Amino acid sequence: MRIDIITIFPDMFKNILNESIIKRAQAKRKVKIFVHNLRDYTLDKHRKVDDRPFGGGSGMVMSAEPIFRAVEKIRTKNKALRTKAKIVLLSPQGKRLNQGLAKKLAKSKHLILVCGHYEGIDERVRQYLVDEEISIGDYVLTGGELAAMVLVDTLVRLIPGVLGDKNSLKFESFEGNLLEYPQYTRPADFRAIKVPSILLSGDHQKINQWRKKEALRITRLKRPDLFNGGIKK
Ligand code: ADE
């Protein structure tokens, strides 16, 4: 998978892309991630990426020109890949990200993420450039960068071969519309609080039954909405 990120704050991505699993996934060549400074695609000497809204009103609007130019440049550079990149705009107006949507997007060969800012973005970007608009939740961030990082993190761990243990994907939260069962590690007795004895029994059939029951109990307690098809597989 290849991910290009278009942003006015490229430095924000440095840490997140150079740590932990995302770093390892790039080293293992499971994903290639490129961050582009939107200002490099402006045409004026002030490298302006925004302007006042037509019709008046407060704040500034992101201009269409630099965003179109950035996307077109990334696309033409990668003609050899012959992939139709999916253009994703991060915005609070988008479809809400969940594990089901992440799984669909994780199958893409090439994503171009556009981080929105200010009061908004010229509507022609939405109409003529963007394939999918995604929100990471019903709250407003100062910009799309944190949302893009959340999306990248969620997608990268779903790419086959990125996580060492295949089971860690199979049994994690949201798999089968359930939250994860409780986990314990050593010591079995911590400050007189004991691990459920069944987990020490060595009876794997019983342990699996207990885990399933606990996953159901926790989901019913914390996220009953998941039973109503909250997340598609
Ligand atoms: N930009 C601002 N708020 C956002 C959100 N909740 N999701 C995605 N992008 C955003």
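# Briefing on the ligand shell and local backbone features

Pro187 sits in the loop between helix 7 (166–170) and strand 9 (189–190); helices (H or I, at least four residues) and strands (E, at least two) are DSSP runs, numbered from the N terminus. The structure is a predicted model, in which local features need pLDDT of at least 70 and side-chain atom pairs count only at pLDDT 80 or more, whereas totals for chains, interfaces and linings use all residues. Residues are numbered from 1 along each chain as its sequence is written, and side-chain values use heavy atoms, with hydrogens and water left out.

**Overall architecture**

- The secondary structure of the protein amounts to 8 helices and 10 strands.
- Along the principal axes, the C-alpha atoms of the protein fill a box of roughly 70 × 40 × 35 Å.
- The protein has 233 residues, of which 41% count as buried (buried means under 20% relative accessible area, exposed over 50% and partly exposed in between, with a 1.4 Å probe and protein chains only).

**Ligand surroundings**

- The shell around the ligand consists of Leu90, Ser91, Pro92, Ile134, Ser135, Ile136, Gly137, Tyr139, Val140, Leu141, Gly143 and Ala147, a residue being included if one of its heavy atoms lies within 4 Å.
- By class, this shell holds 8 nonpolar residues, 4 polar residues and no charged residues (Ala, Val, Leu, Ile, Met, Phe, Trp, Tyr, Cys and Pro count as nonpolar, Asp, Glu, Lys and Arg as charged, and the others, Gly among them, as polar).
- Strand 5 (86–96) and strand 8 (132–135) each contribute at least two residues of the shell, and strand 5 gives the most, with 3 residues.

- A polar backbone atom of Tyr139 is 2.8 Å from a nitrogen atom of the ligand.
- For Leu141, a polar backbone atom is 3.0 Å from a nitrogen atom of the ligand.
- On its own the ligand has 260 Å² of accessible area, and the protein covers 97% of that area (Shrake-Rupley method with a 1.4 Å probe; for residues, only the protein chains shown count as cover).

**Nonpolar surface patch**

- Phe9, Met12, Tyr139, Leu141 and Leu146 form a nonpolar patch on the surface, with about 450 Å² of accessible area together.
- Patch residues have over 30% relative accessible area and no salt bridge; like charges are joined within 9 Å, and nonpolar side chains (Val, Leu, Ile, Met, Phe, Trp, Tyr) within 5 Å.
- A salt bridge is a side-chain nitrogen of Lys or Arg within 4 Å of a carboxyl oxygen of Asp or Glu.

**Backbone features in loops**

- Most residues other than glycine have a negative phi, and most peptide bonds are trans.
- The peptide bond from Arg186 to Pro187 is cis, with omega near 5°.
- Arg47, in the loop between strand 2 (32–37) and strand 3 (50–51), has a positive phi near 55°. Arg47 is partly exposed, with a relative accessible area of 34%.
- Ala192 has a positive phi of about 70° and belongs to the loop between strand 9 and strand 10 (193–194). Its relative accessibility is 61%, so Ala192 counts as exposed.

**Buried loop residue Asn177**

- Asn177 is located in the loop between helix 7 and strand 9, and Asn177 is buried because its relative accessible area is 19%.
- A polar atom of the Asn177 side chain lies 3.5 Å from the backbone oxygen of Leu226.

Terms used. A polar contact is a pair of N or O atoms within 3.5 Å; within protein, one must be able to donate a hydrogen and the other to accept it, and residues adjacent in sequence count only if both atoms are side-chain atoms.
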